[in-house]
Amino acid sequence: MKKIMVFILISCGLIITLTACNSKENTSIKIAEVTRSLFYAPQYVALEEGFFEEVGLDVELQTTWGGDKTMTALLSEGADMALVGTETSIYVYAQNSKDYAINFAQLTQTDGTFLVAKEPKPNFTWEDLKDTTFLGQRKGGMPQMVGEFVLKQHGINPQTDLDLQQNIEFANIPGAFVSGEAEYVQLFEPTASTFEKEGKGHIVASFGEESGHVPYTVYMTKQSFIDKNKADVEKFTRAIYKAQQWVETHTPEEIAQVIQPYFEDTELEMLTASIERYKSQASFATDPVLDKKEWNNLKKIMNEAGELPEDVPYEELVNTEIAEDVIRN
C-alpha cells in the first residue's frame with residue numbers, strides 16, 4: 001500500500017510539474033490596424049495559421065479606422081504596435097515627439113489603389129482625366145499623395161487640370177462615387193473589382209504599378225517599446241515574415257480561403273480576384289525589410305504633394321536590424 005501511495009504521489013507531482021511547464025502564458029501584443037483591408041492579407045494569414053502563437057504571442061487586433069486615430073492609439077499606449085502608412089511616422093517625428101514611432105517591419109510595398117471610371121474606357125489614356133471630376137482620398141494620406149504623384153508623372157496638375165474632390169470620408173467614398181457626379185475615383189480592392197462586376201465602375205489603371213515600390217503600409221512601434229520588449233518585436237516580425245513567405249508561395253484561391261473570416265461580406269470569388277491583382281503587381285512585400293530606396297521614394301512622393309514637413313533621415317525612423325536578423329535566422 002505504501003508503495004502504491006508513493007507511486008501516486010510521484011505521478012501527481014510529475015503531472016503538476018508538466019502542467020506548470022506547459023502553462024507558460026504567451027505574451028499579449030495589441031495591434032492597431034489603420035483599416036480592414038485584404039491589402040493586409042499576410043497579417044490575417046499569420047493570425048489564422050497560428051504563426052503568432054508558434055512564437056509565443058497572443059495578438060489582439062483592433063481596427064482604428066484612420067491614420068490619426070491609429071497613431072493616437074499607439075502613442076497613448078492604447079496599442080503596442082500599429083499597422084499604418086509610413087508617412088504617419090514622419091508626421092509624428094516632425095512634431096518633436098520625444099518617443100516617436102519606429103518603422104520595423106514592412107507589409108506592403110506598392111500603392112493599393114486603382115483608378116476606376118464610371119463609364120467603360122477601352123482605350124483609356126491619362127489625358128482622359130483632364131477636365132473631369134476626380135474623387136480622391138484624404139489629403140496628406142498615402143493614397144492621395146501617390147495619386148497626385150502619378151497624375152503629375154503623366155503631365156496632369158491635380159489642382160488645375162481636373163476637379164479634385166477630397167472632402168469625403170474614406171468609408172463613404174465608394175457610395176459617393178456611385179451616387180455622385182464624379183467620373184473617376186481612386187479605390188482599394190475588393191471594392192474596385194466589386195464595382196466592375198456590378199457594372200458600377202471600370203478599372204482602367206493601377207496606381208501601384210505606376211508609382212513603383214514604396215513602403216506603403218508598415219508595422220511601427222515606439223522606440224521605448226523596442227527598448228523594453230525587443231525579443232517580442234523580433235518574435236512578431238518572425239511571424240509576419242513567415243506569413244509573407246506563405247502568401248508568396250500560395251495561390252490567390254488558397255489565400256482567399258484562409259482570410260475570408262475577416263471579410264465575411266465579400267464573396268470568395270471576389271476576394272480571390274482582388275488578391276490576384278495585388279499579387280500580380282507585387283503589392284505584398286516578401287520580407288519585412290524597409291530598404292532605403294523605398295524610403296527615398298516615399299519622401300519624394302510626399303515632397304511632390306507638399307506634405308513632407310522635413311527631410312527625415314532613413315536611419316532615424318527605420319530599424320532594419322530586427323527584420324534582417326529574422327531573415328538570417
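Student: Which strands does helix α6 lie across, and at about what angle does α6 run to β8?

Tutor: Please keep in mind that this is a predicted model. Helix α6, made of residues 142-153, lies across β5 (113-117), β7 and β8 (184-188). Relative to β8, helix α6 runs at about 130°.

Student: Is Q144 buried or exposed?

Tutor: Q144 is found in helix α6, and it touches G136, Q137, R138, K139, L164, Q166 and Q186, leaving aside residues up to four places away in sequence. Its relative accessibility is 3%, and because buried means under 20%, Q144 counts as buried.

Student: In what order do the 5 strands of the open sheet stand, and which strands are at the edges?

Tutor: The 5 strands form an open sheet with mixed pairing, in the order β7-β6-β8-β5-β9. Each edge strand has a single partner strand, so one side of it is left without a neighbour in the sheet. The strands standing at the edges are β7 (163-165) and β9 (202-206).

Student: Which residue of β7 is the bridge partner of L135?

Tutor: Strand β6, residues 133-135, runs parallel to β7, and 3 bridges join the two strands. For L135, the bridge partner in β7 is Q165.

Student: How many nonpolar, polar and charged residues are there in the contact of α2 with α10?

Tutor: The axes of helix α2 (residues 41-48) and helix α10 (residues 223-249) come within 8 Å and cross at roughly 110°, which makes α2 roughly perpendicular to α10. From α2 the contact involves P42, Q43, V45 and A46, while α10 contributes A239, I240, A243, Q244, W246 and V247. Sorted by class, the contact of α2 with α10 has 8 nonpolar, 2 polar and no charged residues.

Student: What is the angle at which α8 and α12 pack, and into which classes do the residues of their contact divide?

Tutor: Helix α8 (residues 191-198) and helix α12 (residues 268-280) pack at an angle of about 120°, with their axes 9 Å apart, and that makes α8 oblique to α12. The crossing of these two helices, α8 and α12, is right-handed. Their contact is made by S193, T194, E196 and K197 of α8 together with E269, M270, S274 and R277 of α12. The residues of this contact of α8 with α12 divide into 1 nonpolar, 3 polar and 4 charged.

Notes: Residues numbered from 1 in each chain as written. Predicted model: local features only at pLDDT ≥ 70, side-chain atom pairs only at ≥ 80, totals over all residues. Heavy atoms only, no water. Axes fitted to C-alpha atoms, helices over the stretch in contact; angles between N-to-C directions. Helix = DSSP H or I, 4+ residues; strand = E, 2+ residues; numbered from the N terminus. Parallel < 35°, antiparallel > 145°, perpendicular 65-115°, else oblique. Left-handed = near helix turned anticlockwise from the far one by under 90°. Contact = heavy atoms within 4.5 Å. Nonpolar A, V, L, I, M, F, W, Y, C, P; charged D, E, K, R; others polar. Pairing = 2+ DSSP bridges. Buried < 20%, exposed > 50% of the residue type's maximum accessible area, 1.4 Å probe, protein only.
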